[in-house]
Amino acid sequence: MQWEIVIGLEVHTQLSTSSKIFSGASTAFGAEPNIQACAVDLALPGVLPVLNRGAVERAIRFGLAVGAHIAPRSVFSRKNYFYPDLPKGYQISQFDLPIIGQGSLTIQVPTTTAGQPYKKVVRLTRAHLEEDAGKSLHEDFHGMTGIDLNRAGTPLLEIVSEPDMRSAAEAVAYAKMLHSLVRWIDICDGNMQEGSFRCDANVSVRHPGAELGTRREIKNLNSFRFLQQAIEYEAQWQIDTLENGGTIQQATVLFDSDKGVTRAMRSKEDAHDYRYFPDPDLLPLAIDNEWIEQVRGTLPELPLSKQARYVADLGLSAYDADTLTSSREMADFFETTLNEVPKEAKLCANWLMGDVSAALNREDRDITQCPISPGQLGNMLKRIADGTISNVAAKEVFKILWSEGGNPDAIIEIKGLKQMSDVGAMEALVDEIIAANPAQVAEYRSGKEKVFGFFVGLAMKASKGKANPAQMNEILKRKLAG
Amino acid sequence: MLNSSLLQLGAALRSKKISSVELTQLYLQRITALNSKLNAYITVNEEMSLVQARAADVQLTQSKTHALTGIPIAQKDIFCARDWRTTCGSKMLSNFIAPYDAHVIEQFNSVGAVNLGKTNMDEFAMGSSNETSYFGHVKNPWNNNAVPGGSSGGSAAAVSAHLCAAATGTDTGGSIRQPAALCGISGLKPTYGVVSRYGMIAFASSLDQAGPMARSAEDLALLLNVMAGFDERDSTSLQRDTEDYTRDLNKPLNGLRIGLPKEFFAAGLSADVAQAIEASIAEYKKLGASVVDISLPNSHLSIPVYYVLAPAEASSNLSRYDGVRYGYRTPEYTNLADMYEKSRAQGFGEEVKRRIMIGTYVLSHGYYDAYYLQAQKIRRLIAQDFVEAFKQCDVIMGPTTPTTAFNLAEKNDDPVQMYLSDTYTIAVNLAGLPGMSIPAGFGSNGLPVGLQIIGNYFDEARMLNVAHQYQQVTDWHTSTPQHIEV
């Protein structure tokens, strides 16, 4: 029987403000426990929250980047529940009136065993601002639980998608696109180990065309690999359960990454009644057009806009444009390199996506850790473009730049990698070759054009690889024709 | 000296007739002598008060002084004051030493006023008789069998019995005005947002407002000058130009239009209170005011609306008292849930628990729309009533309470009867308006009657003017409980 997997994601992105969403305490990661918790974070009697403008601006940036409606009036509500790492006994969040309304994100799903790569539009339901809780440390204290409130009050933007994804691969592609976007627009550092980007996946299965099945929510997936594994396991578990005549109960589940399985944490029956109501300590959040436009003015050019420009203005393929805009750092690297050789977009693209990417992959680095600067790369490409060095020689220059650094022109000079472009010298070489190989010349002249390659090989060897191949071909053709 | 106004005390301090240390000691001695009888203070800390008094005396030798420099003020124990035990009248916070100052405390400190001690109050400000305090009930200085009112009963009793020069209170549904009326003093609840709530322990955030309690309108104006002002740490604090609330005190009242809501003079109002209020209205007419009959048609819904909204907010505001970080924790427990349950069951009193339960219920899934949302809608209607009323009048007057002070334990078995003693004050909080109570005579049992004056938003200066002019031609506010030696 055919099954369709239906996935929606809720992603918590930690906003990159230096202070907390409702207090002035620092949000820096890794401090001694409870050092970065002020009176407000500790929920001392009498303290009050004050909204951090920077967190609101980051939410607006996100809304603009996904073409979403930005609510002129949104409301902070209290989500009430008791837990030791939730100092107030409620979390300040947004409930029925979130700051960001419907938007969308275009994702690129890579090649799978099933077929070709494809694009897909995933609808976003909403995004809302809220504060993070502290951390409960169960391991470090024998028979007790330690509470670290440094994280309490850290600003989060929870981004909720529609159940538009149909495979783990799509869910991962969506999460990666979102991850790239929040870093692109500078609202989140994207550090998944430190919990800056955490995914909850709502998974259900159904027969194609049927009503949505009952979903189970997998909580707190903090790597793309776990996201993929957890969804695959969960979907298969649901299919097996249904095929064996069972039913799915709505539940919250955890993914055990050691065993690769999901297990239920709580069922719908023991779900909390959070008793949401508007927080009377905070006024409704009003955002006028002026503020939105001011924020829009600080946004970098977005990936989709760059892609269109690369295709239309630079003549790159859609594939190249997609790849070069996979991250803002990559696009910046490309554009800075292109500044050195403005007419050579394709050359820049080929080198970045070819030799540079291959070298980075080999050493497991990302583009920000590239030992060659865009300026160095651009200068080298300039020498390819103006015929100073051949592509073969350029690979030599690139190797040296990568391992030792330096100036491309100096490397070309010292290593003697300049192409031979002195026509007289090349003609003399060709004359010698023709004189020394009369039999092959005769063959060529009798119509065996394949022999031409033989002459090219000899000529390049005689020039020690420095001859400009195009020029050398032209001279050879002319002389051989007699 | 003890009968002096704040201005007179200030003059005496500046002319060195008395030092702040001497004045502070005078009050501390009275507290030592009388507090065991009245129980108006929860915490007195002689040394900390005298440190401030000594600093004030130094300040008084310099040219830059404030009207309140060196004057001992009692602080309701709802305001966090650094290094002071701050209990909010609860066992839950009976061991809590505040590590920071509330905005109100900071303001008084900044002008060199002396914190004389922390006054008794209903637990978490939930009560109308001061009987819910974990630290025992306060007695009314006029009659020790009567309640002082609540929740700012300790402050009201302290002012009435001259155990301080003036005091602070907070008012969520009448907690400044009702005890002021019952103890025969003056009290003002400002427009919501005029005084920062930062550091004031929350009961119902959308209703709570701090204000002054004193022996005259003039004193209230001086105190409000210090308490009011924008504070960026409270998002509901209003950013407005600084006002001098004494500026209109001496304006004549010719042409003043007084609105008398018929709902405030209907069944439920005792005859002696009605008589005293009518006499004060007659006095106002003599001062040149005219009277307009008005109606607040939704005011009868104030109590039901209040007892949905205030407990809803309180149930959430009091969730932080969980025994984890500070405050009371049960000595024995088996697991986390048990620790929460026992700490809260043992740390909170009956009335607080009742309101947490009501609040939790009205916010619960399936009940929210019927209770909380409905109450919010009616709250807007109640506020709208006042908007209409103020088209016809400048101030609204009526009784502060339906009766004079009732006896201790009289209403303990019936919470609804207790809630009804705030029937005339609650609508003002729901609308966010300023309201005050001033002494207006005595009832048949010899206990004080309070006249309530309700103003339009930000009309505190006018209300103080209206009260002050009355106090120029009457002496109810200077009466002192007979058996309190002054």
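What share of the contacts in chain A with a separation of 6 or more is accounted for by residues 24 or more positions apart? Such residues account for 69% of those contacts, a contact being a pair of residues whose C-beta atoms, placed from the backbone, lie within 7 Å.

This is a predicted model, in which local features need pLDDT of at least 70 and side-chain atom pairs count only at pLDDT 80 or more, while totals for chains, interfaces and linings use all residues. Residues are numbered from 1 along each chain as its sequence is written, and chains are lettered from A and ligands numbered from 1 in the order in which they are written.

Chain A has 15 helices and 15 strands, these being DSSP runs (H or I, at least four residues, for helices; E, at least two, for strands) numbered from the N terminus. The radius of gyration of chain A is 30 Å, well over the 23 Å that the globule rule gives for 482 residues, so the chain is more spread out than a compact globule; the radius is taken over C-alpha atoms, and the rule is 2.2 Å times the number of residues to the power 0.38. Of the 482 residues of chain A, 39% count as buried, that is, with 20 or more other C-beta atoms within 10 Å of their own, the C-beta atoms being placed from the backbone.

An open sheet in chain A has three strands in the order E4-E3-E14, with antiparallel pairing, where pairing requires that DSSP find at least two bridges between two strands. The table gives its edge strands, each of which pairs on one side only.

| Edge strand | Residues |
|---|---|
| E4(A) | 90–94 |
| E14(A) | 277–278 |

Strand E3(A), residues 76–80, pairs with E14(A) over two bridges, and Ser77(A) stands opposite Pro278(A).

Leaving aside neighbours within four places in sequence, the contacts of Ala201(A) include Ile7(A), Leu9(A) and Ala171(A).

In chain B, helix H15(B) (residues 460–473) is mostly covered, with 12 of its 14 residues buried. Among the elements covering these buried residues are helix H7(B) (217–227) and strand E10(B) (435–442).

Notes: Two residues are in contact if their C-beta atoms, placed from the backbone, lie within 7 Å.
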